[in-house]
Amino acid sequence: MSEQEEESDAQKVYDASGESYGAHGTINIPVPSEELSESDQTEDNVSEPHPSAGAHKTRAGEQSGPVSSSPETEGAEQLREEVTSPERVSDSPEHYNKLHPTEFDNAMRSTTQSVDNYYLTFLDKIKAVKESLRASVQDSSATVKVVLLPVGQEITMSFRIDVILNSFKDYFSNLLSVPADVLQVRCAGRILKNNETLLQHGVRPQDVVQVEMFSALPDLYPIKRIQKFAAAPQVITFRVQTGMDQYQEVAVEMIKSDFHKPFLGGFRHKITGVEYHNAGTQTVPKKVPEKVNVFCRDTQTIFNRKKLQQTVNTTSTQMTKIGVYVSNMTDKLVTPGQYFSAAEYHARRLAAVLVLQTYYRRWHAKVVVENLRRQKMARMEWEDQEELRKIRGKEEWLQLDYYRRHHPQTKEDFELLYNALEFWRQEELARITQCFTGAERKAALCELLEKETQLIASIGRHRHRAYVAHQEAWVQAFLDKCSAPKTWRRFDGKIIEMDTQFTIRARELQNIYKCITLKPISQDERLDVLLTLKHTVKEHECKLTQEILELIDREVDLMMRGVKPQNLEGLRKRISTLFLHYIKTPLFNPEAARHIKVPQDPLKFYKKIYFCHSCLLYLPSTEFAVSSTSHRVYLCRSCVGLDNEARRRESFLHYRTLLQQLYDSEADYEDESKIAFLIKLQDLQYLTENVWSSQSALSACKDLGDLATVRWDKSVQWSPWNCILLTKDEAAAHLKLASIEEGYEPRFIHKIKHKHILAKNYFSQIPVLASFIVDDGEAGEIRKEEHAETTPNLLESQRLCPKKTQEHFCPLPTE
């Protein structure tokens with residue numbers, strides 16, 4: 001076979017391989033005419049020459065361009081010209097042959113061999129160029145997933161990333177019967193132009209990209225489904241690396257299924273709100289074959305068949321006889337063993353079972369003991385942790401109590417100080433009474449009174465400093481509220497702030513007030529601040545503004561006379577106080593009307609105003625501490641606190657903590673409990689001191705910081721007649737009881753019910769709580785037996801007010 005035929009066969013095989021590869025592709029977009037012409041020219045320039053022995057000169061003459069300029073070609077032609085030129089050859093060939101027959105033949109043979117080798121090398125280069133071009137065209141392709149909107153049809157195709165999208169639109173324009181200029185292609189939210197390529201948008205070879213195609217005029221040119229791609233499977237070609245420098249093209253067929261994928265659950269991100277669904281398999285589920293009709297009479301009918309099995313030869317034997325020889329070479333001699341009865345067999349089995357049970361029970365006992373030991377260790381560790389937690393809690397409470405006594409800030413802190421002062425006074429008084437008599441006792445009592453006076457004065461100074469600090473903090477909080485912008489939350493969680501003309505005005509007044517109250521300030525700066533304040537106040541004319549202007553002029557005059565700043569503190573305090581009243585006035589600061597507690601309408605003052613019989617002042621109802629059993633308003637809060645500091649000096653911090661714990665525990669039940677939230681501080685104090693004697697019903701613990709009041713019957717809402725005072729540990733154990741009768745003795749239960757009757761007799765005076773009381777037979781018997789002891793001391797005598805004070809009497813408001 002000639003070399004030309006071999007090359008043509010190789011070319012056919014190569015083309016056939018290319019065609020077979022193209023058969024695996026999905027859809028190929030036709031390349032535009034311009035690119036086709038360029039590729040054709042390239043193929044023509046590098047077309048394969050078919051070398052033959054008799055056409056060397058013709059092939060060399062037809063080569064042009066890069067082939068004719070090849071240095072190897074020029075060297076071969078020059079060598080041939082040198083060998084065959086007439087100047088180098090004699091006039092007659094016979095003469096040259098006669099002279100040099102061997103040299104001529106060798107030269108011609110070498111020239112022909114070198115030219116043939118050159119053409120073979122050039123042919124190999126042409127093949128390499130074509131393969132590289134084909135690989136480059138193949139490598140520059142990407143898989144494009146086209147989604148037709150709004151029909152939602154998906155088409156997967158192969159497209160070159162260096163080709164403009166105009167040909168892409170022309171291809172789909174023919175398929176959809178829609179003009180190309182109406183079709184729009186969108187990728188990653190951006191509209192792609194006609195003169196752009198996928199390479200310009202960051203798409204790399206062998207990538208998979210999804211684009212959306214829709215119509216710019218959906219009414220005139222709607223997008224419809226392409227029927228030729230509706231049911232056909234789609235194929236995507238992937239390039240898989242199989243070795244270090246080896247790659248393999250893999251065709252993956254995608255079959256679209258129309259079944260509905262089931263919802264397999266998922267979860268939602270708490271912060272971002274994004275939902276994640278559990279993924280299922282993407283394969284088509286197997287169809288369950290339809291069941292045959294099993295509910296018929298045939299399936300419920302049994303057909304019995306009988307067949308006899310009998311050997312044909314009834315005279316078969318296994319022994320040697322006349323005419324039959326049976327070999328005994330493989331026979332075995334069987335000797336009978338010791339005979340045992342069924343009872344002995346069962347006894348042997350029983351003994352083996354007992355052995356198995358022994359070992360199993362041993363193993364089971366070891367497992368149980370190990371579990372018990374592990375539970376014991378866990379219990380001991382938990383008890384140690386609980387003990388440490390209790391000790392740590394008590395230490396923290398003592399540290400907090402110590403801090404409150406040394407740095408009092410609130411009303412409860414000063415109650416603790418006065419309570420500690422009263423304990424100290426009682427101890428000193430008992431010591432003096434026990435150790436001294438006569439004149440020495442009087443002198444010691446005088447010294448004790450003087451020390452108590454000094455301590456009370458020290459507590460008063462602390463209270464004044466705390467009041468000043470609280471007042472400044474309140475003023476600052478009030479100014480911040482007035483100058484704060486309006487805020488609201490958007491649907492996406494962001495906060496929007498907006499300043500109004502009123503908030504801007506309030507912010508200006510706040511800045512002026514801060515400048516006025518600054519202490520380390522020079523004289524020039526103080527004059528600038530006073531000038532700004534004067535211009536601000538001049539906008540309104542009233543008695544308050546006139547007084548502020550007079551004080552400003554007075555301070556400026558004194559500053560010009562050289563008065564020391566220490567002597568101007570009182571005047572500056574008056575200016576700041578009057579300016580604060582100016583800020584609180586809604587006429588000058590409209591935003592203050594939303595935050596002041598005093599109503600603007602004077603008529604509202606007369607609706608809920610009551611008279612205090614101690615300080616002789618008319619005060620609003622919020623200034624009176626009214627308990628659930630009170631029938632009239634008598635003393636205001638300040639007078640009650642002053643009386644407590646002067647006489648009893650009791651601390652209500654533990655009762656407030658106890659009441660807050662009660663509110664929290666009842667809120668956790670979520671069973672619409674009402675009575676617990678009607679109980680006030682005074683009611684809980686009476687219930688703790690008079691009914692439960694300020695101690696636990698079980699252990700008689702008197703530490704109020706460790707006590708808690710819980711439900712007696714946890715299935716019924718809390719009430720004074722359905723509660724019990726226990727320590728926190730006892731309360732936790734009590735709430736775990738399934739039945740009260742099983743957990744306590746009848747004597748203890750009778751004692752608790754007796755205390756419930758005492759609470760019922762006291763709280764039945766409250767009309768709101770009286771509607772919740774339900775009498776039973778046992779409670780009636782206990783009430784009859786203990787009727788004399790159940791009358792509360794608070795109701796023994798009620799004295800009417802004198803005539804002078806009766807005109808100030810105001811009953812409680814009734815709803």
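User: If buried means under 20% relative accessible area, is Y582 buried or exposed?
Analyst: The structure is a predicted model, and the relative accessibility of Y582 in it is 0%. That value lies under the 20% cut-off, so Y582 counts as buried.

User: How are the rings of F579 and Y582 arranged as a pair?
Analyst: Both residues lie in helix 14 (residues 569–584), three residues apart, which is about one turn of the helix. F579, like Y582, has 0% relative accessibility, so each counts as buried. Their ring centres are 5.7 Å apart and their planes stand at 15°; because planes under 30 degrees apart count as stacked, the pair F579 and Y582 is stacked.

User: How many residues apart in sequence are the parts that Y686 and Y762 tie together?
Analyst: The rings of Y686 and Y762 have centres 3.7 Å apart and planes at 20°, so this pair is stacked, and both residues are buried. Because Y686 belongs to helix 17 while Y762 belongs to helix 20 (residues 746–763), the pair ties together parts of the chain whose separation in sequence is 76 residues.

User: Which residues does T688 contact, leaving aside its neighbours within four places in sequence?
Analyst: T688 is placed in helix 17 (residues 681–691), and because its relative accessibility is 2%, T688 counts as buried. With those sequence neighbours left aside, the residues in contact with T688 are Y655, L658, S693, S694, L704 and L725.

User: Within what arc do the buried residues of helix 18 fall, seen down its axis?
Analyst: The buried residues in helix 18 (residues 728–735) are E730, A731 and H734. Viewed down the helix axis, the buried residues of helix 18 line one face of the helix, because they fall within an arc of 100°.

User: Which strands are included in what covers the buried residues of helix 18?
Analyst: Helix 18 has E730, A731 and H734 as buried residues. The cover over these buried residues includes strand 14 (707–711) and strand 15 (723–727).

User: Over the ring of which residue does the charged end of R711 sit?
Analyst: Elsewhere, R348 lies over the face of F340, at 5.0 Å from the ring centre. For R711, the charged end is 3.8 Å from the centre of the ring over which it sits, and that ring belongs to Y669.

User: Which residues do ring pairs link into a cluster?
Analyst: Counted by centres within 6.5 Å, the aromatic pairs come to 17. Ring pairs also build a cluster, and the residues they link in it are F159, F168, Y171 and F172.

Note on methods
Residues are numbered from 1 along each chain as its sequence is written. This is a predicted model: local features need pLDDT of at least 70, side-chain atom pairs count only at pLDDT 80 or more; totals for chains, interfaces and linings use all residues. Side-chain values use heavy atoms; hydrogens and water are left out. Helices (H or I, at least four residues) and strands (E, at least two) are DSSP runs, numbered from the N terminus. Buried means under 20% relative accessible area, exposed over 50%, partly exposed in between (1.4 Å probe, protein chains only). Contact means heavy atoms within 4.5 Å. The arc is that of the directions from the helix axis to the C-beta atoms. Rings of Phe, Tyr and Trp (its six-membered ring) pair if their centres lie within 6.5 Å; planes under 30 degrees apart count as stacked, over 60 as edge-to-face and the rest as tilted. A charge sits over a ring if NZ of Lys or CZ of Arg is within 6 Å of the ring centre and within 35 degrees of the ring normal.
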